[in-house]
Amino acid sequence: MQVSSLNEVKIYSLSAGRSLPEWLSDRKKRALQKKDVDIRRRIELIQDFEMPTVSTKIKVSRDGQYIVAVGTYKPRVRCFDTYQLSQKFERCLDSEVVTFEILSDDYSKIVFLQCGRFVEFHSQHGHYYKTRIPKFGRDFSYHYPSCDLYFVGASSEVYRLNLEQGRFLNSLQTEASESNVCDINPVHFLFAMGTAEGKVECWDPRTRNRVGLLDCALSSVTADTEIEGLPSISALKFDGALNMAVGTSTGQVLLYDLRSSNPLIVKDHHYGLPIKSIHFQHQLDLIISADSRIIKMWNRDTGKIFTSMEPEHDINDVCLYPNSGMLMTANEAPKMNIYYIPVLGPAPKWCSFLDNLTEELEENPESTVYDDYKFVTRKDLENLGLAHLIGSSLLRAYMHGFFMDIRLYHKAKTMANPFAYEEYRREKIRQKIEETRAQRVQLKKLPKVNKELALKLMEEGEEQQFSRKRKQKNLPSLLKDDRFKVMFENPDFQVDEQSEEFRLLNPLVSKISEKRKRKLKILEELEAQGQEEEEEPEGKASDAESSESSDDEKGWVEEVRKQRKLLRQEEKLKRQERFKEDQQTLLKPQFFEIKEGEEFRSFKDSAKKQKLMKTTLEDRLKLEEKLGTLNVSDTTVGSKQATFKLKKSEQQRKQNEAEKQHRQERKTLRRSANHLKSRRGRGRLFH
């Protein structure tokens, strides 16, 4: 029994394994079973569940006791009794069977539509009656209320044969040139037929009039589908009173609500092959559709794939055992496949042991279908020189690659890369050496960035490990935390110990850092020379270091004063060096272009601006302080306070000058006007 899984759905193939030939005696069969493990471990659910060459159709009786299958060659029908797990009877026929229908609850009434236009009736004892229809038939359905058989085929007419009266009735005249399939709704007995033009005609058997027409060929063509010709209807199935599924010859399945002419969902098999059969699974709301290559189970509401099966041989028909998880297929091979899917439902009552068997297999998983195969992509095949095997039986297409036999893969890899064993041997030797190195005393591997900080964190971690305080919780190390990983990898996070802030805020770090630098130097020398040494070099104990690091407040204040003096001296030296560099630099003549609308005043302004832009923020602040626009002073708290005056821009300065000139002009005008008035007044007095 083979087990495969797709989308975490287990599929058990009960017909896998080799079958023994019929002409072997029981003694030889027993001897083969003792010798061959595969034959001994195979599951033969129903004895001789096969056909001589090919099986074409398979159905289950309504009581679930009998499985009837037809095939060739010679044309025959076989009935299997599930209660006895063996074959009930076998009957040979005159011509091949196109399709058949079980009219009774058991096998006592069966109707066969044969390829020679014959309709053959069988009863419980065997052949009962045989008649012919005018044209070659392709499918038929049985209307239970009126006991009528509706035949469709290579004609525009639908032939009706009444089994109660034993005669043909008036046929139904349709607009189709040919019809492929037909079905009758089990609730309201609406008769539907699929035509070669891609349409579905619905007829009312009571009035013998057409009540509806669906153009499925037009609805099946979507934006992402590619078809070569006009899609015809190849499968048809009703579900309940209102739902109907239609399969086309180009590989699309359309789900309809009879109240609407537009499909609810269109599912494409993407193989371009005609849909052979459609079944509904009500427990999980699934639709099981099959073409000659694959069986797909998908959700009827969303169209999402539930699982799929791809048998080794082409599929002719699919039969779902009612109210169970068992699925049977008729194939282009002698053996008929039986699949058991526990997710769909329990095993039938005549093989209930399958539930216990599958539960044991899930508890003790063994090799799956693809354990003896290797998955390779197209690029791998080109590297191995096996690209010419694409399309042959040696490669099985799966997703974005292929499955191939693991033995063929090893042979091809050995020929393509003859030194693969040497590489494998070197890798094994390297792994052994690494294992022996791991047993030695390990040196501390420090990161490239912030080595001193990493060393400090390592020492703190060691102190936590060896501390005897059990109540103290062990905090996670920053070195092992992914959030702080960049701090030891990116050079932008390097701690600058020469900066003013670091030296003023950490005055006592210098003593500890000197010892840590010595330790770091020793570790780097050991790494360079490849020598082994203990993790902690000889020196003072950690308790002594901690006692030395703890100092009183006076020592801390003195250390801060020393650091400030050093910073002032360094700043003074930097200024002197910068002044010397400015004196040594020679000024070269430069030419500038004046933009339109600007006035030229002097070179000093532009030179000053450029020089000011090149200086640092610190120098600019000092310059502003000298000019009086900025005032920096220390506060009582210890911080610094800065007050500054905003410079007026060139536009504001021009505007202020214009306003000032305007005010002066108004003053002069006012004065001149007052002077004239006073002169006129004096003249009148004189007169």
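These notebook entries record what I looked up on charges and aromatic rings in the structure.

I worked on a predicted model, where local features need pLDDT of at least 70 and side-chain atom pairs count only at pLDDT 80 or more, while totals for chains, interfaces and linings use all residues. Residues are numbered from 1 along each chain as its sequence is written, and side-chain values use heavy atoms, with hydrogens and water left out.

Salt bridges. I looked for a side-chain nitrogen of Lys or Arg within 4 Å of a carboxyl oxygen of Asp or Glu, and the structure holds 14 such salt bridges. Glu175 forms one with Arg210, with the closest N and O atoms 3.4 Å apart; this pair links distant parts of the chain, Glu175 lying in the loop between strand 14 (167–173) and strand 15 (179–184) and Arg210 in strand 18 (residues 209–215), 35 residues apart. Strands are DSSP runs of E with at least two residues, numbered from the N terminus. Arg210 also forms a salt bridge with Glu201, at 3.8 Å between the closest N and O atoms.

Burial. I took buried as under 20% relative accessible area, exposed as over 50% and partly exposed as in between (1.4 Å probe, protein chains only). Glu201 is buried at 2%, Glu175 is exposed at 63%, and Arg210 is partly exposed at 33%.

Aromatic pairs. I counted rings of Phe, Tyr and Trp (its six-membered ring) with centres within 6.5 Å, calling planes under 30 degrees apart stacked, over 60 edge-to-face and the rest tilted. The whole structure has 11 aromatic pairs; Phe121 and Tyr129 form a tilted one, 6.4 Å centre to centre with 40° between the planes.

Definitions and conventions. Helix = DSSP H or I, 4+ residues; strand = E, 2+ residues; numbered from the N terminus.
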